[in-house]
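Please examine the structure shown here before reading the report.

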Amino acid sequence: MINPAAAPRILIQGGRVYHHDGDVHQPAVADILVAGDIIERLGQNLPADDGTEIIDAAGKLVVPGFVNAHYHSHDVMAKGLFEEMPFDIWAVHSNPSNYGPRSLEEVRLRTLIGAAESLRNGITTIQDFLTVVPQEEAVVDTVLSAYEEAGIRVVFAIAARDRAALDIAPFLPADLPEAIRTRVAGADRKAKDELDFVAGEIKRLGLRPTPQQTWALAPSAPQRCSHELLEGVAALSRMHDLPVLTHVYETRVQAAAARRQPSDSSLLDVLALAGLLTEKLGIVHGVWLTAREIAQIAEAGACVIHNPVSNLKLKSGVAPILDLHRAGVDIALGCDNYSCAETQNIFIAMRLLCLLPAVTDPEPGPVDAAYAVRAATIAGARAVGLTGAIGAIKPGMKADLIILDLNEPAFVPFNSAARQVVFSECGRAVETVLVGGRPVVRSRKLVTVDETALAAAVEKVAPAFRRDAQALAGRNADLVAPLLNANREAWKVPLGFERYIGRGPR
Ligand SMILES: [Zn+2]
């Protein structure tokens with residue numbers, strides 16, 4: 001335990017301090033006293049004791065650290081390798097299981113690179129939904145120690161699935177060659193093995209492996225998990241009071257496949273039947289939710305994690321942001337993984353959250369810049385189980401703070417904090433970042449990790465990954481045409497609504 005009297009103290013002096021409920025355009029100037037990992041006081045002209053570090057924030061804007069509520073660190077090395085791949089084709093090129101085990105050095109470096117870009121862009125909490133290949137303690141330890149080294153807060157989740165088949169499998173032609181059919185079907189795993197690994201790691205490492213590390217549960221998607229696995233996850237969630245995150249209706253194919261089940265089943269009903277449709281549930285994507293399913297989510301008090309960049313890059317459609325908002329569903333934001341979104345930059349996600357509703361609705365609406373800042377902070381905190389701890393600048397909350405330089409062109413002239421954070425800034429103004437009271441970025445540089453040395457180390461392991469990606473693309477070559485055809489086949493299933501402008505593909 002840190003003795004509060006002995007904890008390092010930092011006084012952030014004279015900055016404009018962003019309050020969600022205050023003047024979001026011209027935030028008032030205030031001092032912030034940080035003691036240990038907590039914001040102790042806010043006020044005017046706060047005194048500094050001897051030994052208190054002063055950070056001069058005059059001419060700067062202090063905002064709560066951002067929460068990236070959806071990310072997978074397993075494919076950082078695939079950054080920039082793929083484009084023009086609709087979801088299911090991307091999936092076979094990026095699935096970590098198709099790459100086999102990676103060296104622990106590569107695992108460490110890829111985790112650090114993702115954490116480094118996040119921190120430089122003001123993301124202080126990351127939710128890593130990690131497919132652990134192979135499911136071994138050493139991989140988990142390597143990832144968590146890399147996060148600790150970088151100094152970022154992490155809500156860690158081990159992805160679980162026992163059904164291996166591609167989501168698009170129901171739409172593949174019956175006369176597919178056996179060799180392709182076998183690959184599409186994959187090898188199922190045992191629900192018990194998946195649950196035992198997740199439960200075992202939580203037990204081994206504890207509910208708080210380090211002060212900045214907590215857990216979430218991550219059944220990959222309802223259609224990729226047996227009822228037994230989903231029920232087991234629900235039991236773990238109840239036992240440890242953990243949030244549950246799962247991909248739901250990312251693509252039209254997934255919605256069409258659900259309709260093909262004998263009972264015309266809804267993936268939300270599948271989750272409800274397993275006891276997972278509760279206020280602890282975060283629906284990742286939710287692009288192809290029906291009006292009834294949106295009402296179910298609202299009634300359960302579950303939230304949605306919107307990932308606009310990956311949804312667009314994988315041609316998955318645009319999530320029903322306005323419908324979710326009108327129903328009272330909290331929307332958090334994710335930057336998703338590098339192989340399908342390329343960057344950990346929540347400024348882009350906030351911007352798209354505000355801009356995308358215009359593709360279907362020409363009227364002025366409620367999803368404005370201040371709402372987007374909440375989505376990237378308070379709603380994100382809630383989605384990852386950290387309500388009350390992070391997401392706002394208040395005494396008693398964790399000192400996860402970003403200091404933005406208002407002399408950057410994005411903020412000149414300074415007309416509105418919220419609007420310029422969301423619509424003008426790209427990350428360049430992020431000057432200082434504190435996570436749990438510890439400065440991890442100063443003068444736009446990581447202080448925890450030598451970025452130049454990290455880049456050099458990554459370049460050493462990158463050629464092997466590129467070779468493996470190229471070999472995988474070769475093995476996948478005969479899958480691409482059948483998958484594209486199956487995608488078109490799925491379009492023939494009527495859903496009664498669309499998530500593209502017009503009527504979808506010709
Ligand atoms: Zn995901």
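This is a predicted model: local features need pLDDT of at least 70, side-chain atom pairs count only at pLDDT 80 or more; totals for chains, interfaces and linings use all residues.

**Metal site.** Three histidines coordinate the zinc ion through their NE2 atoms: His-70, His-72 and His-247, at 2.0 to 2.1 Å. Along the sequence, these donor residues follow the spacing H-x1-H-x174-H. His-70 and His-72 are both buried.

**Sheet.** An open sheet is built from four strands with parallel pairing, in the order S11-S12-S13-S14. Its edges are strand S11 (244-248) and strand S14 (331-333), each of which pairs on one side only. On average, neighbouring strands of this sheet are turned by 30 degrees against each other, direction ignored. Strand S12 (residues 281-285) is joined to strand S13 (residues 303-306) in the parallel sense over three bridges. Gly-282 lies opposite Cys-303 of S13.

| Pocket | Volume | Lining by class |
|---|---|---|
| Largest pocket | About 1,000 Å³ | 18 nonpolar, 15 polar and 13 charged residues |
| Second largest pocket | About 480 Å³ | 13 nonpolar, six polar and five charged residues |

The largest pocket is lined by 46 residues, and Asn-95, Pro-96, Ser-97, Asn-98 and Arg-161 are the closest to its centre. Elements giving two or more residues to this lining are helix H1 (87-94), strand S8 (153-160), helix H4 (178-185) and helix H17 (451-490). H1 contributes the largest share, six residues.

For the second largest pocket, 24 residues form the lining, with Arg-163, Pro-222, Gln-223, Arg-224 and Gln-261 the closest to its centre. At least two lining residues each come from helix H6 (227-240), helix H7 (252-260) and helix H8 (267-273).

Notes: Residues are numbered from 1 along each chain as its sequence is written. Side-chain values use heavy atoms; hydrogens and water are left out. Donors are N, O and S atoms within 2.8 Å of the metal (3.2 Å for Na, K and Ca); water is not among the atoms, so sites may look incomplete. Buried means under 20% relative accessible area, exposed over 50%, partly exposed in between (1.4 Å probe, protein chains only). Two strands pair if DSSP finds at least two bridges between them. Axes are lines fitted to C-alpha atoms, for helices over the stretch in contact, and angles run from 0 to 180 degrees between N-to-C directions. On a 1 Å grid over the protein atoms alone, a cavity is a set of points where a 1.4 Å probe fits but cannot get out, and a pocket is an open set with protein on both sides within 12 Å along at least five of seven lines; lining residues have an atom within 4 Å of a point. Grid points are joined across faces, edges and corners, and a volume is the space filled by probe spheres set on the points. Ala, Val, Leu, Ile, Met, Phe, Trp, Tyr, Cys and Pro count as nonpolar, Asp, Glu, Lys and Arg as charged, and the others, Gly among them, as polar.
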